[in-house]
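Hi,

Here is the structure I promised to pass on. Have a look first, and my notes follow below.

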Amino acid sequence: MVMFNTMPPRNLAQLLQMPFKMVSSTLDSLRSVLNVPVDESQPVRLFHLSFRDFLQDSERCSDSQFQIDEKERHTSLFRKCMEHISQLEENICDLWGPGVLITEIPDDTIQKNISPHVRYGCRYWLDHWRLGDPLAVEEDIKTIRQFLEQHFLHWLEGLSLIGEVSNGVHMIIALEEILSVSYDTY
């Protein structure tokens with residue numbers, strides 16, 4: 001309900017680190033409001049965005065069992081994204097040498113080595129962190145710092161391979177602004 005991009009059920013299960021059967025049965029029970037494709041390679045989609053709005057509004061959705069705390073969900077997705085992208089390694093596609101043009105790398109090589117849930121994590125971890133409660137949990141800031149110290153170049157390589165380097169630059173600028181503002185207030 002708070003994701004920035006759709007994905008197939010199996011990849012959603014991988015992103016959330018949940019058993020596929022659990023995700024599948026949950027999605028099946030929501031078929032009246034979700035387009036759950038029969039073809040597992042197709043993404044799950046909401047039929048109506050108003051359903052998401054309904055679940056996020058405590059005045060409209062009075063059953064707390066179904067309410068979605070948007071900040072909490074974004075924070076949870078941020079943490080899942082960080083877990084996945086912290087597994088990135090140097091030369092993830094086992095390229096034959098430095099300076100290889102992206103156009104020389106077969107698409108299936110990239111698809112095979114950077115799964116959709118890892119691609120999602122590479123692209124959206126900062127957005128989820130910002131929309132969660134970014135400065136409330138010092139541990140999340142430590143996680144980001146550690147990630148950047150250990151995996152920054154791996155992340156940039158991943159972004160390059162999936163064609164998202166320009167978004168990565170914007171993410172770093174935004175992260176720098178957030179962190180400098182937060183530490184200037186102390």
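Let me start with the pocket. The largest pocket holds about 1,100 Å³ of space. Its lining is made up of 36 residues, and M1, V2, L12, L30 and I68 are the ones nearest the centre. By class, that lining splits into 23 nonpolar, 7 polar and 6 charged residues.

Which elements supply at least two residues each to the lining? They include α1 (9-16), α2 (20-29), β2 (45-46), α3 (49-56) and α4. The top contributor is α3, which gives 5 residues.

A word of caution before you zoom in there. This is a predicted model, and α3 is where confidence in the protein chain is lowest, with a mean pLDDT of 73. Where pLDDT is low, the predicted coordinates should not be read in detail. At the other end, helix α6 (residues 116-131) has the highest confidence, at 95. For the protein chain as a whole the mean pLDDT is 86, and 95% of residues reach 70 or more.

Now the overall layout. The protein chain has 8 helices and 2 strands, and along the sequence they come in the order α-α-β-β-α-α-α-α-α-α. Along the principal axes, the C-alpha atoms fill a box of roughly 55 × 50 × 25 Å.

The other thing I looked at is a helix pair. Two packed helices are described by the angle between their axes and the distance between the axes. Helix α4 (residues 70-85) packs against helix α7 (residues 138-161) at an angle of about 35 degrees, and their axes are 10 Å apart. The crossing of α4 past α7 is left-handed. On the α4 side, the contact involves T75, F78, R79, M82 and I85, which meet D140, T143, I144, F147 and W155 of α7. Sorted by class, this contact has 6 nonpolar, 2 polar and 2 charged residues. Note that α4 also turns up in the pocket story, as it supplies at least two of the lining residues.

Cheers

How values were computed. Residues are numbered from 1 along each chain as its sequence is written. This is a predicted model: local features need pLDDT of at least 70, side-chain atom pairs count only at pLDDT 80 or more; totals for chains, interfaces and linings use all residues. Side-chain values use heavy atoms; hydrogens and water are left out. Axes are lines fitted to C-alpha atoms, for helices over the stretch in contact, and angles run from 0 to 180 degrees between N-to-C directions. Helices (H or I, at least four residues) and strands (E, at least two) are DSSP runs, numbered from the N terminus. A crossing is left-handed if the near helix is turned anticlockwise from the far one by less than a right angle, and right-handed if clockwise. Contact means heavy atoms within 4.5 Å. Ala, Val, Leu, Ile, Met, Phe, Trp, Tyr, Cys and Pro count as nonpolar, Asp, Glu, Lys and Arg as charged, and the others, Gly among them, as polar. On a 1 Å grid over the protein atoms alone, a cavity is a set of points where a 1.4 Å probe fits but cannot get out, and a pocket is an open set with protein on both sides within 12 Å along at least five of seven lines; lining residues have an atom within 4 Å of a point. Grid points are joined across faces, edges and corners, and a volume is the space filled by probe spheres set on the points. pLDDT is the predictor's confidence in each residue, from 0 to 100.
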